[in-house]
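Here is a protein to walk through, one piece at a time. Take a look at it first, and then we'll go from the whole chain down to single residues.

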Amino acid sequence: MNFKLILNIAVHLLRARLKQSIVAAVGVTFGIAMFITLVSFMHGLNNMLDELMLNRTPHVRLYNEIKPSQNQPISLSKEYKKDINFVNSVKPKDRGKAIYNSKAIIHYLKQDERIVDVAPKITTPVFFNSGTIEISGVVYGIDVAAEEKLFKLSDYVIEGKVSDLTQNNSIIIGKGLADKMLLKKGDVIKITTAKGNLASMKVVGITQIGIADLDNTMSYTSLDTAQKLLGEPTNYITDIQVKLHDITTAPALAAEFRAKFDVDAIDYQTSNSQFETGSTVRSIISYAVGIVLLIVAGFGIYNILNMMIFEKMDSIAILKATGFSGNDVKWIFILLSMVIGITGGLFGLLFGFIFTSIIDVIPFSTAALPTIKTYPIDYNIVYYFVGITFALCTTLIAGLFPALKASKVDPVEIIRGK
């Protein structure tokens, strides 16, 4: 088989039906461009939402959960151990929210090479007093340096600075809470704890994460201030937040820490399972739509090649009569199809990149996401590789069936008919 000659004939046939060939190539171009644009935008959106969640969520969280004791007194009795016992109105076990021996646990975790760093935190419900109105909320007592390192809290502070929390009796409140109470930086807010402790704190900043439920209730203060607010000692900590080098190990490490330190532990996948499901569904939809576009383009190539074979029956008969085998004719039409696929695919990659670049600079401003300025795009080269590979496969299959049909043409019948 003379490959150069066969390719030359394929190009000649393509030029003879140039308009139809261009239409087929444009179909492939459009399919790949839309596939890359859709997948890049959808994955960019998923990455943005994942970062929004992961930036504010520890990979593993250690805490004491309020729950009833698993071993009731009657189940410990030897006399009734083998009997069926019904226990009603079981009350939760009062273990307290504080993690026992928290400083030793933090020191141990900091030595673990699998862990990036650890951030202690105090979580306590409070009432924010606005005149005679009490608004329920939550105060997070944080280690300012560790919180900034692991969770980039400053990215969500729209007024003031995180470092100002090192001042005594200072607090950063959520945007929704500030709007409800008409507070701004420099104002003083009164807080009542669940134990009845009353404190006046200076607002040194306002934060906005973009999740309304959090922005309407949350506030941040330093670890020392939170301990003083609750009247607790310096070793009082309710949460230990852990960031890992490899987040896929979070479930296994959560189980390990739960057994080792006798505390409750939860990984980010378990605590955000609904969020993970949403990201997966969006990715499946984007890939499905893109693949459908490429399949439609493949049908266009199939139809054009099929019509070309009917119109070029004379040429095919002459080729076979002059010594070209059925295999040679088959490869002529396969190469013709691949030329269309490669040309359309390369232009599809180019236009896909252009479209995503245009979307990437379109302003995207919303009060819910103050740190996002433009629409998110993920420029992952994998999407381009998947797009061109699927396009070539589609055009190959679309050209194979007409090529097999052309290879079976009997030149004697065609010439006799003429």
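Of the 418 residues in this protein, 44% count as buried, where buried means under 20% relative accessible area, exposed means over 50%, and partly exposed is in between (1.4 Å probe, protein chains only). Keep in mind that this is a predicted model: local features need pLDDT of at least 70, side-chain atom pairs count only at pLDDT 80 or more, and totals for chains, interfaces and linings use all residues. Residues are numbered from 1 along each chain as its sequence is written, and side-chain values use heavy atoms, with hydrogens and water left out.

The secondary structure comes to 15 helices and 10 strands; helices (H or I, at least four residues) and strands (E, at least two) are DSSP runs, numbered from the N terminus. As for contacts (heavy atoms within 4.5 Å), take those with a separation of 6 or more: residues 24 or more positions apart account for 78% of them.

Now for the inside. In soluble globular proteins, nonpolar side chains tend to be buried together. A nonpolar core here is a set of buried Ala, Val, Leu, Ile, Met, Phe, Trp, Tyr and Cys residues joined through side-chain atoms within 4.5 Å. The largest one has 20 residues, and Val60, Leu62, Leu109, Ile240 and Phe257 have the most contacts inside it. Strand E1 (60-63), H4, strand E2 (115-130), strand E9 (239-244) and H9 each give two or more residues to this core. Which element gives the largest share? That's H9, with 5 residues.

Phe257 touches Val60, Leu62 and Leu109, among others, not counting residues up to four places away in sequence. There is also a second, separate core of 17 residues, which includes Ile171, Ala178, Met181 and Val203.

Let's go back to H4 and H9. Helix H4 (residues 102-111) packs with helix H9 (residues 250-261) at an angle of about 140°, and their axes are 12 Å apart. Axes are lines fitted to C-alpha atoms, for helices over the stretch in contact, and angles run from 0 to 180 degrees between N-to-C directions. That makes H4 oblique to H9: angles under 35 degrees count as roughly parallel, over 145 as roughly antiparallel, 65 to 115 as roughly perpendicular and the rest as oblique. On the H4 side, the contact is made by Ile105, Tyr108 and Leu109, and on the H9 side by Phe257, Lys260 and Phe261.

Ile189 is buried, with a relative accessible area of 1%. Its contacts include Ile171, Met181 and Val203, not counting residues up to four places away in sequence. Ser222, in strand E8 (residues 218-222), is buried too, with a relative accessible area of 10%. Ser222 touches Gly141, Ile142, Val144 and Leu165, again leaving out residues up to four places away in sequence.

Finally, a look at the backbone. Most residues other than glycine have a negative phi. Lys152, though not a glycine, has a positive phi of about 50°. Lys152 sits in the loop between helix H5 (144-151) and strand E4 (157-160) and is partly exposed, at 41% relative accessible area. Asp262 also has a positive phi, near 55°. Asp262 is in the loop between H9 and strand E10 (264-267) and is exposed, with a relative accessible area of 63%.
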